[in-house]
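Colleague: I have a model open and want to learn how to read its features. Please take me through them one by one.

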Amino acid sequence: MFARAWAAACALLLTQGLGDAFAQAAIPAESIPVGAGLPDGKPVDIRGLHTGMPGAAAVAVLQQHYKGQRGAKLLIREKTLPNAPAPYVAYATNADLPGGNDNYDFLGAAFTSNASGNQVVSIISDAGFGQGNQPSANETMAAIKQKYGEPTATSGTDFQLSMFYGFRGGKALGKDQSCAGLMQIRQLSLKDRNVLQLDHWHREMADGVRSSMASNMPVESRGCDAVMFVDIVYGVSVAADRNLVPNKNTIGRMKILFFDAKRFRAAADQDAAAIKVLEEKRLQSAPTGKGPAKL
């Protein structure tokens, strides 16, 4: 019920710009174009979501995703800029962890504030597959490359495969390039209780952006516009000695994480401008007092 109400509120807020109070504060809802910094200026679709998507539209996709799921519900968390007139949807994720159940299908998004139009800035798809429900590893990897192209880098162990995609200036990065400062966010997971309960997601994005712009960062790794990580954990089989061995024909878990660093940087600048204007407006409206005190 709350999710439906929030989607309607988001739609109304976006229709009205930033609402009457934001408009009175002269804060424009500026943002960079959808697909900025990505090849051909096209957004990267992750299960129906893409960065730059308005909050109301993304919430509708997530509502549909969780509709009818057993043991998983949509959790929407709000935040409010200091002195702002209205909250905004900051995160939309799964409300629960899978426990001992290997079958789960979580999808979540982090958003910019309503000072920049409340848009999707990061996406995580995190799914687990129990025995009898495991996708083909070869077919899935072929589908990934068909949809997203060849990865910038690939690494792995006997039990998992990791693919990294980096983007800068409208181009996919080549194999001799990286986005070292943004690599730390790949640890984010919708199975992580910190992500579900605290503002950990935002902190990781902010720290990554600061690291990627640091002067000591190699030039070829500095200032990436966006990154995507695809992590595949293979299924396992029980060997004759009862030890678990990887079954590289199947997938036991797959996580996809996309972060639009360019959009995050622009939103952070917009937030700072909005907070400054709202604080000035608050100070202007502070009581002036009634005459001098008795001396």
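Modeller: Start with contact, which means heavy atoms within 4.5 Å. This is a predicted model, so local features need pLDDT of at least 70, side-chain atom pairs count only at pLDDT 80 or more, and totals for chains, interfaces and linings use all residues. Residues are numbered from 1 along each chain as its sequence is written, and side-chain values use heavy atoms, with hydrogens and water left out.

Colleague: Which residues does Val 61 touch, not counting residues up to four places away in sequence?

Modeller: Arg 47, Gly 48 and Leu 49.

Colleague: Where does Val 61 lie?

Modeller: Helices (H or I, at least four residues) and strands (E, at least two) are DSSP runs, numbered from the N terminus. Val 61 lies in helix α3, residues 55-66. The protein has 7 helices and 9 strands.

Colleague: Is Val 61 buried, exposed or partly exposed?

Modeller: Buried means under 20% relative accessible area, exposed over 50%, and partly exposed in between (1.4 Å probe, protein chains only). Val 61 is at 26%, so it counts as partly exposed. The buried residues of α3 include Ala 58, Val 59 and Leu 62. Across the protein, buried residues make up 45% of the 295 residues.

Colleague: How do I check the span of a helix?

Modeller: The expected span is 1.5 Å times one less than its number of residues. Helix α4 (residues 137-148) has 12 residues and should span 16 Å. Its end C-alpha atoms are 16 Å apart, which agrees.

Colleague: Which residues of α4 are buried?

Modeller: Ala 137, Thr 140, Met 141, Ile 144 and Tyr 148. For the arc, take the directions from the helix axis to the C-beta atoms. Down the axis of α4, the buried residues fall within an arc of 95°, so they line one face of the helix. Asn 138, Glu 139 and Gln 146 are exposed on the other side of α4. The cover over the buried residues of α4 includes β6 (160-168), β8 and β9 (244-259).

Colleague: How many salt bridges does a search of the whole structure find?

Modeller: A salt bridge is a side-chain nitrogen of Lys or Arg within 4 Å of a carboxyl oxygen of Asp or Glu. The search finds 9. One joins the side chains of Asp 105 and Arg 47, at 2.5 Å, N to O. Asp 105 lies in strand β3 (residues 104-111) and Arg 47 in the loop between α2 (19-24) and α3, so the pair ties together parts that are 58 residues apart in sequence.

Colleague: Which strand holds Asp 231?

Modeller: The side chains of Asp 231 and Arg 186 meet in a salt bridge at 3.0 Å, N to O. Asp 231 lies in strand β8 and Arg 186 in the loop between β7 (171-172) and α5 (193-197), so the pair ties together parts that are 45 residues apart in sequence. Asp 231 counts as buried, at 14% relative accessibility. Arg 186 is partly exposed, at 24%.
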